[in-house]
Amino acid sequence: MKQYLLVVTVCITSYLGLFFFNKAHQHGPIALLIPICSSNCVVSFILTAIVFNTTITSNKVIGLILVLVGVLLISYWDYIKNEPSTNKCMRYSFLAAFFWGISYTFFQWCTQAVGVNYFSFILEFTILIMT
């Protein structure tokens with residue numbers, strides 16, 4: 001029963017990523033939204049290093065730095081414009097990346113704990129109930 005509670009928690013976290021992604025889409029251009037949301041790998045990288053004790057190689061660190069620099073450059077130029085809707089888009093995009101980064105970290109554990117089909121069902125059912 002404990003594993004199902006953890007699976008539902010991961011599903012709720014994934015839903016929050018989707019929720020903030022949709023909010024960001026309402027407030028800004030998709031060209032800004034997608035790169036920022038794609039920075040969820042930064043959160044996943046940090047969590048897997050802490051929780052699952054994965055090895056940190058120089059290639060991974062270089063890739064992480066490149067992602068961060070790219071996201072910062074893209075968001076910085078839109079931040080200079082100082083449009084209120086763009087600022088909201090950026091905030092919601094970072095929240096989506098944060099929550100997706102957390103949930104993606106535990107997807108493999110969830111599929112191993114309850115199986116791919118049950119996890120998919122629980123994920124979709126959670127999203128259905130939350131909306």
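Biologist: How many helices and how many strands are in the chain?
Modeller: The chain has six helices and zero strands. Bear in mind that this is a predicted model.

Biologist: What pattern does the chain follow along the sequence?
Modeller: Reading along the sequence gives α-α-α-α-α-α.

Biologist: What does the C-alpha trace span along its principal axes?
Modeller: About 50 × 40 × 20 Å.

Biologist: And what share of the residues is buried?
Modeller: Of the 131 residues in the chain, 35% are buried.

Biologist: What about contacts between residues at least 6 apart in sequence: how many join residues at least 24 apart?
Modeller: That share is 82%.

Biologist: Let's go to the helix pairs. How do the axes of α1 and α6 cross?
Modeller: Helix α1 covers residues 2-27 and helix α6 covers residues 116-130. Their axes come within 9 Å and cross at roughly 55 degrees. That angle makes α1 oblique to α6.

Biologist: Is that crossing left-handed or right-handed?
Modeller: The α1 and α6 crossing is right-handed.

Biologist: Which residues meet there?
Modeller: From α1, the list is Tyr-4, Val-7, Val-8, Cys-11, Ile-12, Ser-14, Tyr-15 and Leu-18. From α6, they meet Phe-119, Ile-122, Leu-123, Thr-126, Ile-127 and Met-130.

Biologist: How do the residues of that contact divide into nonpolar, polar and charged?
Modeller: The contact of α1 with α6 has 12 nonpolar residues, two polar and no charged.

Biologist: Now α1 and α2. At what angle do their axes cross?
Modeller: Roughly 155 degrees, with the axes coming within 9 Å. Helix α2 is residues 30-37. The two helices are therefore roughly antiparallel to each other. The crossing of α1 and α2 is right-handed.

Biologist: Which residues make the contact?
Modeller: On the α1 side, Phe-21, Ala-24 and His-25. On the α2 side, Ile-30, Leu-33, Ile-34 and Cys-37. By class, the contact of α1 with α2 counts six nonpolar residues, one polar and no charged.

Biologist: Where does Asn-22 lie?
Modeller: Asn-22 lies in helix α1. Asn-22 is partly exposed, because its relative accessibility is 39%.

Biologist: How far apart are Asn-22 and Leu-33?
Modeller: They are 11 residues apart in sequence. In space, C-alpha to C-alpha, they are 9.9 Å apart.

Biologist: Switching to Asn-40. Which helix is that in?
Modeller: Asn-40 is in helix α3, residues 40-51.

Biologist: Why does Asn-40 count as buried?
Modeller: Because its relative accessible area is 13%, and buried means under 20%.

Biologist: What does Asn-40 touch, not counting residues up to four places away in sequence?
Modeller: Asn-40 touches Ala-97, Trp-100, Gly-101 and Tyr-104.

Biologist: On to the cysteines. How many disulfides are there?
Modeller: The count comes to zero disulfides. Cys-41 is in no disulfide, and the nearest cysteine sulfur, that of Cys-37, is 12 Å away.

Biologist: Why does Cys-41 count as partly exposed?
Modeller: Because Cys-41 has 31% relative accessibility.

Biologist: Is Cys-89 buried or exposed?
Modeller: Cys-89 is buried, with a relative accessible area of 0%.

Key. Residues numbered from 1 in each chain as written. Predicted model: local features only at pLDDT ≥ 70, side-chain atom pairs only at ≥ 80, totals over all residues. Heavy atoms only, no water. Axes fitted to C-alpha atoms, helices over the stretch in contact; angles between N-to-C directions. Helix = DSSP H or I, 4+ residues; strand = E, 2+ residues; numbered from the N terminus. Parallel < 35°, antiparallel > 145°, perpendicular 65-115°, else oblique. Left-handed = near helix turned anticlockwise from the far one by under 90°. Contact = heavy atoms within 4.5 Å. Nonpolar A, V, L, I, M, F, W, Y, C, P; charged D, E, K, R; others polar. Disulfide = S-S within 2.5 Å. Buried < 20%, exposed > 50% of the residue type's maximum accessible area, 1.4 Å probe, protein only.
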